[in-house]
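Q: Hi! Could you walk me through this structure, one piece at a time?

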Amino acid sequence: MKRFIGFVTKEFYHIFRDKRSMFILFGMPIAQIMLFGFAITNEINNVNIAILDKSKDTKTQKIINKISASKYFYIEQEISSEYQIESIFKKGKVKAVLVFENHFVKNLQTQKQAKVQVITDATDPNIANTITNYVNAILQNHTQEINNTNQPAYQIQTQTQLYYNPELKSVFTFVPGVMTVILMLVSAMMTSISITREKELGTMEVLLVSPLNPLQVILGKVFPYIFLSIINATVIVVLGVFVFGMPIEGSILLLAFESILFIITALSLGILISTLSNSQQTAMMISLMGLMLPVIILSGFIFPLSSMPLPLQVISNIIPAKWFIIIIKAIMLKGASIEIIWKETLILIGMTLFFIVLSIKKYKIRLE
Amino acid sequence: MSQEKIIEVKNLSKKFGSFTAVDNISFDVYKGEIFGFLGANGAGKTTAMKMLIGISRPTSGEVTVAGYDVKTAAEMVKKSIGYMSQRFSMYDDLTIKENITFFGGIYGLSRNKIKEKTAQLVSELGLEDAVDKLVGDLPLGWKQKLSFSVALLHEPKIVFLDEPTGGVDPITRRQFWEMIYAEAHKGTTIFVTTHYMDEAEYCDRVSIMVEGHIEALDTPKNLKQQFNVESMNDVFLKLARNVE
Ligand SMILES: Nc1ncnc2c1ncn2[C@@H]1O[C@H](COP(=O)(O)OP(=O)(O)OP(=O)(O)O)[C@@H](O)[C@H]1O
Ligand SMILES: [Mg+2]
């Protein structure tokens with residue numbers, strides 16, 4: 001135990017005396033969260049929209065005027081068919097299209113309800129969300145006014161449709177994403193670099209000649225990063241909750257358990273990488289190409305998995321980060337309990353065991 | 001010098017793929033002697049030494065160190081030996097004191113023992129004013145001497161030094177060899193590799209390795225006599241020529 005403490009102390013000296021490590025450990029998570037968080041604004045003002053009025057009656061005209069009169073929207077153009085929607089979104093001219101159904105007035109009178117479809121460009125998810133809310137508010141306001149003037153009560157229904165980003169990514173999905181990336185970076189990349197550093201400098205030999213056994217050496221090297229990763233995960237969650245209002249619907253204990261599980265997954269990957277490389281450079285390259293890239297591209301963090309080609313969707317299943325993101329989203333946003341996410345949890349545990357066994361095997365071979 | 005064998009090597013070989021780095025070498029080292037393990041670059045010195053200290057597995061052959069079989073009792077062997085690797089074997093980003101504390105710690109020395117050793121070691125090396133300096137800021141010669149002292153912290157029976165004087169100036173080399181003598185005087189066995197032939201003169205016995213084989217093994221005096229030359233350097237040149 002005393003040896004272990006001595007070892008860990010030395011490891012902390014390495015970390016705290018290295019500017020690069022300190023930056024990755026503490027600067028990066030905060031910078032990333034702030035960047036993603038504040039880049040996503042909630043204000044809208046004079047947003048360009050298009051109108052597709054299939055009914056062209058007095059009622060629709062009234063609503064259109066009302067919308068156009070608000071300071072939030074500017075009617076950039078009127079279009080005549082649904083086929084145009086895709087192309088004007090592509091050109092980026094408008095952020096939303098309002099579609100009034102055929103026979104709007106008639107439907108209101110006969111069925112007491114009519115439909116307006118709000119189609120938004122959700123590449124900027126918060127804006128899309130806000131647009132929908134504002135349109136809703138204007139329509140509701142309008143129906144209330146009319147219903148007050150003792151005409152038969154009726155409803156205007158809005159249907160929302162999102163283009164490009166149907167999962168509606170926002171700060172709520174960035175927090176889990178950033179957390180996953182940071183944990184991978186700290187746990188996998190930093191440990192693999194710190195282990196290969198000893199190999200590169202030749203100190204690993206000295207450690208192996210000492211009475212410490214290889215397992216103790218690895219545990220001693222890995223422990224500080226478990227500790228720092230837990231701190232990092234906590235900082236990210238706290239920022240998400242207190243600065244960006246991210247909810248934690250589920251159990252914090254479960255969230256902590258799943259995070260520690262993922263940290264261990266990442267650490268075992270880090271150890272595996274360190275057995276495959278003899279220089280810090282190689283370890284960094286393997287970590288970046290083999291871990292960070294898939295985490296960013298295939299985990300569903302930035303690009304929705306459902307819109308990916310099938311082969312990529314299949315490959316994404318072997319990315320631990322994908323499962324972790326599903327798990328923390330479920331816990332934080334939907335309040336899922338272990339009964340709901342046991343399958344994903346088991347997959348992560350399985351992957352972790354696999355990596356650990358593999359790195360133990362590889363590690364032995366390297367010693368010979 | 002005693003005739004008690006402290007290292008026994010029998011038919012030791014190491015192959016990397018089809019390349020044989022160490023080819024069937026056998027020799028004994030006696031307790032308390034300074035054993036010079038000589039050879040040109042790439043002769044296989046480091047490879048052989050790594051098998052003796054148990055961090056590389058022999059392709060074939062037997063090694064006994066301090067009475068223990070390296071293959072089956074590596075743990076016991078590790079406790080009896082100190083090692084200074086060819087590459088610098090301390091942490092540049094730790095201070096002298098932190099390095100000593102760390103290495104003392106992994107060998108299980110008590111806190112008091114470490115304190116006592118640190119004080120003794122820095123005063124011997126004249127580094128009192130530098131204990132809290134990063135090792136990385138020390139001149140190479142000091143680093144090497146410090147490294148040697150740290151390899152001796154746990155008072156091993158045998159210390160393995162892989163080119164301990166590589167790249168340092170002649171004066172520091174002389175001082176280093178004085179430290180080696182002092183340690184050997186206490187009864188510690190010294191196993192040292194070098195390719196400085198003048199250093200070979202300081203050894204009790206030397207083996208000369210050429211391309212994985214041991215071509216000669218005796219006291220420097222006998223070797224010079226046998227080859228009928230004035231210096232170890234000439235012995236070495238003659239041997240190298242014979243092999244070609
Ligand atoms: N892990 C390895 N894989 C393949 N070849 C190796 C390996 N380690 C050493 N060699 C080769 O074995 C030979 C002996 O190397 P070794 O390092 O033992 O020489 P050395 O006598 O210590 O030389 P030097 O004086 O340069 O330290 C060299 O040709 C080297 O390239
Ligand atoms: Mg060598």
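A: Happy to; we'll go through the numbering first and then the structural details.

Q: Great, what should I know before we start?

A: This is a predicted model, where local features need pLDDT of at least 70, side-chain atom pairs count only at pLDDT 80 or more, and totals for chains, interfaces and linings use all residues. Residues are numbered from 1 along each chain as its sequence is written, chains are lettered from A and ligands numbered from 1 in the order in which they are written, and side-chain values use heavy atoms, with hydrogens and water left out.

Q: OK, chain A. How many helices and strands does chain A have?

A: Chain A has 14 helices and five strands. Helices (H or I, at least four residues) and strands (E, at least two) are DSSP runs, numbered from the N terminus.

Q: And how much of chain A is buried?

A: Of the 368 residues in chain A, 50% are buried. Buried means under 20% relative accessible area, exposed over 50%, and partly exposed in between, using a 1.4 Å probe and protein chains only.

Q: Is Ser194(A) buried or exposed?

A: Ser194(A) counts as buried, because its relative accessibility is 10%. Ser194(A) sits in helix α7 (residues 171-201) of chain A. Leaving out residues up to four places away in sequence, Ser194(A) touches Glu11(A), Lys221(A) and Tyr225(A). Contact here means heavy atoms within 4.5 Å.

Q: How do α10(A) and α13(A) pack?

A: Helix α10 (residues 252-276) and helix α13 (residues 320-334), both of chain A, pack at an angle of about 170°, and their axes are 10 Å apart. That is why α10(A) is roughly antiparallel to α13(A). Axes are lines fitted to C-alpha atoms, for helices over the stretch in contact, and angles run from 0 to 180 degrees between N-to-C directions. Angles under 35 degrees count as roughly parallel, over 145 as roughly antiparallel, 65 to 115 as roughly perpendicular and the rest as oblique.

Q: What kinds of residues are in the contact of α10(A) with α13(A)?

A: They divide into 11 nonpolar, two polar and one charged. Ala, Val, Leu, Ile, Met, Phe, Trp, Tyr, Cys and Pro count as nonpolar, Asp, Glu, Lys and Arg as charged, and the others, Gly among them, as polar. The α10(A) side includes Leu255(A), Glu258(A) and Phe262(A), and the α13(A) side includes Phe324(A) and Ile328(A).

Q: Switching to the metal. What coordinates the magnesium ion (ligand 2)?

A: Thr46(B), through OG1, and Gln86(B), through OE1, coordinate the magnesium ion at 1.8 to 2.2 Å. Donors are N, O and S atoms within 2.8 Å of the metal (3.2 Å for Na, K and Ca), and water is not among the atoms, so sites may look incomplete.

Q: Where in the chain are Thr46(B) and Gln86(B)?

A: Thr46(B) is in helix α1 (residues 45-52) of chain B, while Gln86(B) is in the loop between β6 (81-84) and α3 (96-106) of chain B, so the pair links distant parts of the chain, 40 residues apart. Thr46(B) is partly exposed at a relative accessible area of 21%, and Gln86(B) is partly exposed at 41% relative accessibility.

Q: What about sheets in chain B?A: An open sheet of four strands has the order β2-β1-β4-β5 in chain B, with antiparallel pairing. Two strands pair if DSSP finds at least two bridges between them. The edge strands are β2 (19-30) and β5 (68-69) of chain B, and each pairs on one side only. Within this sheet, β1 (residues 5-16) and β4 (residues 60-65) of chain B are joined by five bridges.

Q: Which sheet has six strands?

A: That open sheet runs β6-β7-β8-β3-β9-β10 in chain B, and its pairing is mixed. β6 and β10 of chain B stand at the edges, each with a single partner strand, so one side of each has no neighbour in the sheet. From one strand to the next, the twist averages 15°.

Q: What do β9(B) and β10(B) form?

A: They form a hairpin with two residues between them, and Glu211(B) in the turn has a positive phi of about 45°. Most residues other than glycine have a negative phi. Glu211(B) is exposed, because its relative accessibility is 61%.
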